[in-house]
Amino acid sequence: MRLRIGAGLVGLVVVALRAAGCSGGGAAQTPGPPSVVVTYPVLGSVVADLVGDRATVTVLMGNGVDPHDWSPSAKDIERVEKADLVVANGLNLEEGLEKALVEAEKRGVAVFRAADHVTVRQRATGEVGSSEEAAADPHLWVDPLAMRDVVLALEPALAGVGVDVADRAPALATRLAELDAATRATLSVVPEARRLLVTGHESMGYFADRYGFRLVGAVVPGLTSQGEVAAGQLADLRAAIEAAGVTVIFTEIGTPSAVVEAIGSETGAAVVQLPSHTLPADGTYASFIGQIATAIATALR
Ligand SMILES: [Zn+2]
């Protein structure tokens with residue numbers, strides 16, 4: 001009996017805190033911890049690490065889904081509308097969700113776009129397929145220090161919906177700086193002359209800038225896996241691979257395998273999988289970055 005009364009009181013306290021902490025949010029009437037909706041799994045992993053059990057975190061895209069080829073379901077849009085805070089990447093990664101995000105914002109849902117809080121990488125101008133809008137690179141998640149910037153900016157955004165991570169944010173920022181150092185150490189076995197990346201699409205720009213690699217080219221030119229692959233561009237890529245002495249092509253989610261295999265056999269370059277958009281089995285961001293660094297170090301050492 002005592003236990004039941006106790007549980008009831010706890011429930012009332014939670015409701016009261018929610019009502020006080022969330023003015024005008026999309027789900028202000030709903031009891032329970034605040035609801036944070038994140039668009040894709042890698043960012044979702046970092047947000048979940050940041051909030052611990054102080055909010056519920058829901059990730060819209062399934063792990064292993066190509067984010068460049070994703071569109072939200074009616075259920076996803078409903079989740080956005082009912083969230084207290086939505087954490088998106090920005091830079092058109094969630095193009096199909098943008099309208100729903102703007103609508104939700106108008107109704108009082110807080111929307112945080114990670115790209116607003118990092119130094120956005122601009123794709124070199126004059127490249128084939130580049131336009132003004134497509135020049136901003138959305139792949140900020142392959143740089144642990146960009147994710148540290150995101151974490152530090154998320155702290156006040158979470159406070160705004162009643163989630164206090166003032167203690168957790170600096171601790172996670174420190175771990176991300178340590179992850180950057182560990183990544184640098186893993187990659188130290190790769191000699192300067194072999195720091196060359198050919199990838200499925202242009203996904204590794206932030207990583208290349210951070211760790212001193214050169215982007216030689218991509219099978220699908222541009223910042224999305226969904227771009228057109230033209231015969232002339234493939235001839236240019238083959239020539240670039242041979243001129244630079246590239247020995248490995250890193251294929252990714254959404255890369256047409258027949259095309260990458262053909263370029264590999266024509267140039268003699270090995271084809272290696274690069275898990276640049278998908279969380280590993282343990283679901284942690286540290287393992288995600290570790291897996292990428294190890295794949296590159298192993299292939300290019
Ligand atoms: Zn991508």
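Predicted model: local features only at pLDDT ≥ 70, side-chain atom pairs only at ≥ 80, totals over all residues.
**Ground rules.** I number residues from 1 along each chain as its sequence is written, and side-chain values use heavy atoms, without hydrogens or water. Local features need pLDDT of at least 70 and side-chain atom pairs count only at pLDDT 80 or more, while totals for chains, interfaces and linings use all residues.

**Zinc site.** I looked up what holds the zinc ion. Its donors (N, O and S atoms within 2.8 Å of the metal, 3.2 Å for Na, K and Ca; water is not among the atoms, so sites may look incomplete) are NE2 atoms of His68, His139, His201 and His277, at 1.9 to 2.0 Å. The angles between the four donor atoms run from 105 to 117°, which makes the arrangement tetrahedral (all angles between 85 and 135 degrees). Helices (H or I, at least four residues) and strands (E, at least two) are DSSP runs, numbered from the N terminus. I find both His68 and His277 buried (under 20% relative accessible area, 1.4 Å probe, protein chains only; exposed is over 50%, partly exposed in between).

**Helix H4.** Next I checked residues 98-106. Ala100, Leu101 and Ala104 are the buried residues of H4. Down the helix axis they fall within an arc of 105°, so they line one face (the arc uses directions from the axis to the C-beta atoms). Exposed Lys99 and Lys106 are on the face turned away. The buried residues pack against helix H3 (74-82), strand E3 (85-88) and strand E4 (110-113), contact being heavy atoms within 4.5 Å. Gly108 follows H4, with a positive phi near 105°.

Note on methods. Tetrahedral: all angles 85-135°; square planar, octahedral: opposite > 155°, others 65-115°.
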